[in-house]
Structures are given as C-alpha cells and as structure tokens.
Amino acid sequence: MNTAPVLQYLKKHGQQLDSEIAAATGIPLSQVRLSLSDLSARGEISKCSVTRYNDGRPVEGILCRISGFIPPA
C-alpha cells in the first residue's frame with residue numbers, strides 16, 4: 001500500500017481528520033483509513049477516534065498527526 005500521499009499531506013497540513021485528508025487528496029476514505037492504520041502500526045503517526053457534531057448530528061472520524069513532527073508556521 002502506498003501511504004506516501006497521506007503522510008506527505010499530514011506533514012504539510014498538520015493534524016487532520018480522515019475525511020479531510022480524503023477530500024483534499026481525492027483518495028477514497030476507505031483507502032485513507034487503511035493508510036492511517038498502516039502508518040500508525042509503523043509508529044509514523046498517532047491517531048485517535050473522535051466524534052464531532054455537525055448541526056447536532058454525530059460524525060465519527062479518525063484524527064491523526066505525524067508523531068513528533070511540528071509543521072512550520
């Protein structure tokens with residue numbers, strides 16, 4: 001699996017939701033989630049499950065960021 005586009009996106013944009021990564025890169029959400037799982041298993045990112053509310057509706061997602069990386073301002 002090619003995780004490079006997801007990893008590069010996180011390096012450039014910092015902490016993001018899986019759905020935001022999918023929308024910005026054009027990669028299907030299911031593939032983004034597989035990439036995030038692979039990157040997390042390798043210790044390259046940290047991730048957690050989150051619930052956000054849009055207009056009172058819960059939206060489940062995965063929030064992730066590069067491990068030990070602070071993007072430039």
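A disulfide is counted where two cysteine sulfur atoms lie within 2.5 Å of each other. The model described here is predicted, and a search of the whole structure finds zero disulfides. The points below take up the cysteines and then the sheet.

**Cysteines**

- The cysteine sulfur closest to that of Cys48 belongs to Cys64, and the distance of 8.7 Å is too far for a bond.
- Cys64 likewise takes part in no disulfide, its nearest cysteine sulfur being that of Cys48, 8.7 Å away.
- Cys48 is partly exposed, having a relative accessible area of 39%.
- Cys64 is buried, with a relative accessible area of 1%.

**Sheet**

- An open sheet is formed by three strands, which follow the order β1-β3-β2 with antiparallel pairing.
- Strand β3 (residues 57-66) runs antiparallel to β2, and 10 bridges join the two.
- Within β3, Val59 is the bridge partner of Arg52.

**Helix on the sheet**

- Helix α3, which comprises residues 29-41, packs on the sheet and touches both β2 and β3.
- The direction of α3 makes about 140° with that of β2.

How values were computed: Residues numbered from 1 in each chain as written. Predicted model: local features only at pLDDT ≥ 70, side-chain atom pairs only at ≥ 80, totals over all residues. Heavy atoms only, no water. Pairing = 2+ DSSP bridges. Helix = DSSP H or I, 4+ residues; strand = E, 2+ residues; numbered from the N terminus. Contact = heavy atoms within 4.5 Å. Axes fitted to C-alpha atoms, helices over the stretch in contact; angles between N-to-C directions. Buried < 20%, exposed > 50% of the residue type's maximum accessible area, 1.4 Å probe, protein only.
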